[in-house]
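Trainee: Please take me slowly through the side-chain contacts, beginning with the aromatic rings and ending with the charged groups.

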Amino acid sequence: VSGTADFVFSEPTNVESFAQVGGVNIPINIYGVPWIIGAKKNLPNFNRFYSLNNVQVTRKLEVTRTDITPGPLATNVMYVMSITNHLGWSLWNSYDTNYPGILDVVVRDNLNMQLANDVPLVWSISTNLEADLAINNWPGSAWRSSTTDWNSKEPSAYSFVYSNWDCAFLPESIYRSGTGQFEPLVENPLWETGVTPPPVLPKFELRTTNYLQAYLIDRANNRIVDYVQLAGPTSYRQLNEELRDPDHYGGQDRPMWSTNRIGDFASAAVTPTWGMVDQILVSQDLQHAPAPGWKSPPNIPDALKGVPEKEAAFFQAFYTGLKTVGKDGVPYPNDSLAQQAPYVPSRLMYEYTMWSANDPLVHYLASDLRDSFGGAHFGRSDGTTSPPLPQPDKLLYQLDYADSGAESRYQPWGRNAQLVNLGEKFDYNNRYNYAYRDSLVWGSDFWDFPTNKFPSVGWIGRVHRGTPWQTVFLKATNILNFVTGVQGEYAAGTNTWNLWTGNQNNYDNAHSAPVDDRLLFDLFTAAPNDNAQRGALSVNQTHLASLSALFGGMVVLTNETAGALGNYPSIATTPIITNMIISPAGVDVASSAIWQIQNDITATRGNTNLFPLGVFTHVGDILRVPALSEQSPFLQFVDNDGAGQDFRPYDISDELYEWLPQQTMGLLRLGTPRYVVYCYGQALKPASGGTVLGGNFSQLVTNYQVVAESAMRVVLRVDNAAATNSAPRVIIESSTPLAPQ
């Protein structure tokens, strides 16, 4: 994609759309509205953007008494919170060769974060993050590994340009329930006393928005190489729901973040929560702690510090008196009036969102980048690394990384990591499914974009249509009807397509399925005018002779016969393609390829599940015939030497599958019904003496005289004759008077 020599980057805005401001057109970018309208090979592209939003909550408890009488009188609570947002991005030269010259790279993110409770806004930040780079002779991917299996190949890390930003939105701070505000954490903070009952955190909502802008400019030509501006990721999190454990009522379990209070309704107004009680119990006996969280309190004697068993006995003595004896038989007297619980629960909650280009050439909209399986998800851990916190930084310069928290979204022909391990309800392990990815396009270098004028309208199938690894689809299989596992048990095709596109809107995906590309032929034609189109063959033609005239003599591509490719499976071997001339049906009809095609057309058209009226209602409906593409009689699918080697993963490209549609779609028309009507008319007048002059039948004409005659030939066209969503429309195409006979 190239721009003009004179362009201006205005600051993007997050409004949906507008045409004018104050009645004046202004040059402005709108986040979420793309610039890029086409794809071109050998250009570096935007690749990934992630957000790892972490919230850490720690609760400290202090029990107090007025004298050394065993048992506390009050419980003080201190909450310490921190919130950080870790952001990262990468750009990628996915082609094998270097990009010559200097590319100026600018990546900007407008980050807004707000933390609000039930009443006031307590914390907010708005910041602009920016990176400016100049890349000279950007290295190509130089695909590593000697394996011929592209599922295992990794590109050179030098082909990626990447960076990350850390935003400490809320540094470690103490939340004060009395003021509803935060204050910085100091070494020996004061406790908030006299709060009854011991407080829980208010309802916190964390709102995060990102507005990302990234562009690459070829310095020598002053041209835009790539441009992306994304409205998102956007997040609204209810932190209390992420933090809390289920209600708890005693027992051996120790869920530290249960918020239901102990006691009956009368005493619950002044009692701590069960989570606080469990924190105190663990601090006394070290049993059933959910995760490591032991921290030596400030007033622990030096002789006990760092030994949890002794610290627990010392804390228990606060409750039981001066003569408390520990498990080691040693007394641990405690005459303190205030004692902090040595067990301090801490919970880390995170939201991780990865937006990644499946096909590096396509990233126009956020839905093109959204990975529904490895994308936005939440997690939490209690002071441990289990479950592991995602480590997405390595995914900025690798396609696959085990600890990233998500599988790679980069899934051309031959790779399967994105959908693997999802189970039978998805097409999770099919690396070679041409229903939603382009055959033999192992990587960006394998794209074959046609240039100059198309020889026929069927060549529209060679255009990259803007979904991951998908040209305009001219084949027969509908991915939405694909099932796996128990036949009919799962709508696996719909699930797979939703994951593949990143769009979870079933209505959108039902209308963006590749097989619906056939409707483009209602809009495009190779005919210069309507008269030229009349010579085309109707898609509803039923006669073998007509189809034989259409296909006979056509040059068709075919893959080589068995054994020509040698060592299978290997993508290092270039497929051997040849051509042949299609012979007419001839005398031996049953053995001809055209007869096979006609049979398949008849069977497909008669399938009332596909075509309820038994006719094609769009020109492109004929593309649902498998024999025209993926079951073409001119293609060699399996060898015939007894081994049964499948040629399809390594030998048959989209160009071969769609060669017949490419050559024939410009020669077909819908076949609108036309009727020729001969109209005969006479002009009459009463004949002499043919009128009754009196009685009950006065003025009745009993005989007429012919005074004029005419004849017309009328041609009627019926539009929408087979339409299911609109009424037929009759149009008079011609009306010709006939000469006297």
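Mentor: Two rings of Phe, Tyr or Trp (for Trp, the six-membered ring) form a pair if their centres lie within 6.5 Å, and the pair counts as stacked with planes under 30 degrees apart, as edge-to-face over 60 and as tilted for the rest. This is a predicted model, in which local features need pLDDT of at least 70 and side-chain atom pairs count only at pLDDT 80 or more, while totals for chains, interfaces and linings use all residues. Residues are numbered from 1 along each chain as its sequence is written, and side-chain values use heavy atoms, without hydrogens and water.

There are 25 aromatic pairs in the structure. One of them joins Tyr432 to Trp442 in an edge-to-face arrangement, with 6.2 Å from centre to centre and 75° between the planes. Both residues belong to the loop between strand 11 (377-381) and strand 12 (464-467), so the pair ties together parts that are ten residues apart in sequence; strands here are DSSP runs of E with at least two residues, helices are runs of H or I with at least four, and numbering starts at the N terminus. Tyr432 has a relative accessible area of 21% and is partly exposed, whereas Trp442, at 5%, counts as buried (buried means under 20%, exposed over 50% and partly exposed in between, with a 1.4 Å probe and protein chains only).

The pair of Trp447 and Phe449 is stacked, because the ring centres are 5.6 Å apart and the planes stand at 15°. Trp447 and Phe449 are both buried, and both belong to one aromatic cluster, whose members also include Trp92, Trp143, Phe160, Tyr410 and Trp469.

In a second case, Arg462 lies over the face of Trp459, and here the distance to the ring centre is 4.6 Å.

The structure holds 16 salt bridges, and a few of them can be followed one by one.

In the salt bridge between Arg176 and Glu183, the N to O distance is 2.8 Å. Arg176 is buried, with 11% relative accessible area, while Glu183 counts as partly exposed at 31%.

Asp245 and Arg347 form another salt bridge, with their closest N and O atoms 3.0 Å apart. This pair links distant parts of the chain, for Asp245 sits in the loop between helix 1 (239-243) and helix 2, Arg347 sits in strand 10 (residues 346-356), and 102 residues separate them. Asp245 counts as buried at 7% relative accessibility, and Arg347 counts as buried at 4%.

A further salt bridge brings together the side chains of Asp278 and Arg254, at 3.8 Å from N to O. Asp278 lies in helix 2 and Arg254 in the loop between helix 1 and helix 2, so the contact ties together parts that are 24 residues apart in sequence. Asp278 is buried, with a relative accessible area of 0%, and Arg254 is buried as well, with 12%.

The backbone deserves a look too. A cis peptide bond with omega of about -5° joins Thr196 and Pro197, and Pro197 has its place in the loop between strand 6 (181-184) and strand 7 (205-218). Gly232 and Pro233 are likewise joined by a cis peptide bond, with omega of about 0°, but the place of Pro233 is in strand 8 (residues 223-238).

Leu286 has a phi near 65°, a positive value in a residue other than glycine; Leu286 lies in the loop between helix 2 (274-285) and helix 3 (308-320) and is partly exposed, with a relative accessible area of 28%. Gln699, also a residue other than glycine, has a positive phi near 75°. Gln699 is found in the loop between strand 18 (674-686) and strand 19 (704-719), and with a relative accessible area of 56% Gln699 is exposed.

Key. A charge sits over a ring if NZ of Lys or CZ of Arg is within 6 Å of the ring centre and within 35 degrees of the ring normal. A salt bridge is a side-chain nitrogen of Lys or Arg within 4 Å of a carboxyl oxygen of Asp or Glu.
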